[in-house]
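Colleague: I would like to learn how to read a model like this one. Please take me through it feature by feature.

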Amino acid sequence: MSETAPTRFVRVVAGVIGDARGRILLTQRTGASDLGGLWEFPGGKIDPGESPEHALVRELDEELGIQAEVGEAVITVPQLYPDKRLTLDVRHVTRWQGNPRGREGQALLWVPPRKLALYRMPPADRPVVAALQQPDRYLVTPDVGQLTAGLSGAELEAAEQAWLDALERTLATGICRVQLRSPTADPQRWARIAASAVELCRSASAEVLVNGDPELAARLGVGLHLRSDQLGVYLDRPVGGDVALAASCRTVDHLRSAERLGCTFVVLGNVKPTASHPARDGIGWEAFAAMREHVSMPIYAIGGLGIEDMDGARAHGAQGIAAIRGLWVG
């Protein structure tokens with residue numbers, strides 16, 4: 001990447017087209033085109049003054065010979081390339097007429113959703129796959145150490161059980177990706193509570209990651225979430241390739257380090273001011289998107305966010321939201 005950011009800006013729209021068997025259509029970029037040979041979601045450039053919906057209808061007619069009906073937004077991905085800044089606006093295609101065919105000589109392939117990640121794609125298309133496959137909410141648990149400070153005996157045990165009960169209620173809302181985080185808890189008590197939390201998460205078919213403690217994560221057989229200050233510690237991925245790895249990021253350098261380590265996903269923020277850090281200004285959505293364009297892995301927005309922010313998050317390239325208060329059912 002050059003030190004001077006490219007000034008050419010390109011707006012592109014693409015469609016997620018599914019068939020009766022639930023497969024999704026990919027098209028292959030021709031050898032003579034930019035990023036030739038890679039697979040992508042079909043679509044094309046948005047002309048000046050043209051709406052994304054109109055552009056997608058036009059492009060799918062020109063490329064595939066189908067007359068499409070455009071549905072809801074999936075995600076809008078800002079991506080930086082060596083020669084341009086690109087924004088990829090992705091929409092569901094709910095209905096179409098005609099028989100899709102490569103009218104420009106491009107190959108077509110119907111792919112089961114679970115296999116989409118196996119295909120080599122341009123950087124901007126990779127977050128689209130994650131948006132289709134991975135959870136849009138990432139729960140960060142409240143610090144049980146803070147909630148139980150000063151308690152002992154039966155009161156302490158009752159408060160810890162109340163925390164587990166609240167976790168179970170939160171999982172019942174449909175949360176299926178969880179970070180277990182409790183930096184001030186007694187390590188021995190936290191290990192025991194975390195083990196119980198893992199069982200609750202597994203019963204709810206939720207993926208679990210432990211914050212900052214590789215040994216505890218390995219002992220519990222779950223994923224690892226790295227703090228931002230841990231990103232510079234590791235030269236290689238600290239867990240196996242089949243284990244979820246995430247990281248907390250604040251800067252572009254953090255994002256690049258996380259991608260180099262092979263993180264499954266990361267969180268980036270804080271986007272808005274938070275109750276825990278009221279003096280720290282949020283970076284805002286525009287800054288989030290500007291950092292997001294440097295990498296292609298899934299990124300959750302974090303910091304003062306709730307379910308009501310989901311559409312804004314997706315519109316700026318986020319996988320979804322990560323939150324404590326915004327997702328926790330107390």
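Modeller: Start with the inventory: the chain has nine helices and 15 strands. Helices (H or I, at least four residues) and strands (E, at least two) are DSSP runs, numbered from the N terminus. This is a predicted model, where local features need pLDDT of at least 70 and side-chain atom pairs count only at pLDDT 80 or more, while totals for chains, interfaces and linings use all residues. Residues are numbered from 1 along each chain as its sequence is written, and side-chain values use heavy atoms, with hydrogens and water left out.

Colleague: What radius of gyration does the chain have, and what would a compact globule have?

Modeller: The radius is taken over C-alpha atoms, and the globule rule is 2.2 Å times the number of residues to the power 0.38. For 330 residues that rule gives a value near 20 Å, and the chain agrees with it at 22 Å. Along the principal axes, the C-alpha atoms fill a box of roughly 75 × 45 × 35 Å.

Colleague: How much of the chain counts as buried?

Modeller: Buried means under 20% relative accessible area, exposed over 50%, and partly exposed in between (1.4 Å probe, protein chains only). Here 49% of the 330 residues are buried.

Colleague: What share of the contacts joins residues at least 24 apart?

Modeller: A contact means heavy atoms within 4.5 Å. Among contacts between residues at least 6 apart in sequence, the share is 63%.

Colleague: How do I read a single helix?

Modeller: The general idea is that an α-helix has 3.6 residues a turn, so residues three or four places apart point the same way. Helix 1 covers residues 52–64 and reaches 17 Å from its first C-alpha to its last, close to the expected 18 Å. The expected span is 1.5 Å times one less than the number of residues. Its buried residues are Pro52, Ala55, Leu56, Arg58, Glu59, Leu60, Glu63 and Leu64.

Colleague: Which strands do the buried residues of helix 1 pack against?

Modeller: Among them are strand 1 (9–17), strand 2 (24–28) and strand 5 (67–81). Just after helix 1, Gly65 has a positive phi of about 75 degrees.

Colleague: Is Thr27 buried or exposed?

Modeller: Thr27, in strand 2, counts as buried because its relative accessibility is 2%. Leaving aside neighbours within four places in sequence, its contacts include Trp39, Pro42, Leu64 and Leu108.

Colleague: What does Ala191 touch?

Modeller: Ala191 sits in helix 5 (residues 187–203) and is buried, with a relative accessible area of 16%. Not counting residues up to four places away in sequence, Ala191 touches Leu216 and Arg219. Ala191 and Leu220 are 29 residues apart in sequence, and their C-alpha atoms are 8.9 Å apart.

Colleague: Where does Gly284 lie?

Modeller: Gly284 belongs to helix 8 (residues 284–292) and is partly exposed, at 22% relative accessible area. From Gly284 to Pro187 there are 97 residues in sequence and 35 Å in space, C-alpha to C-alpha.
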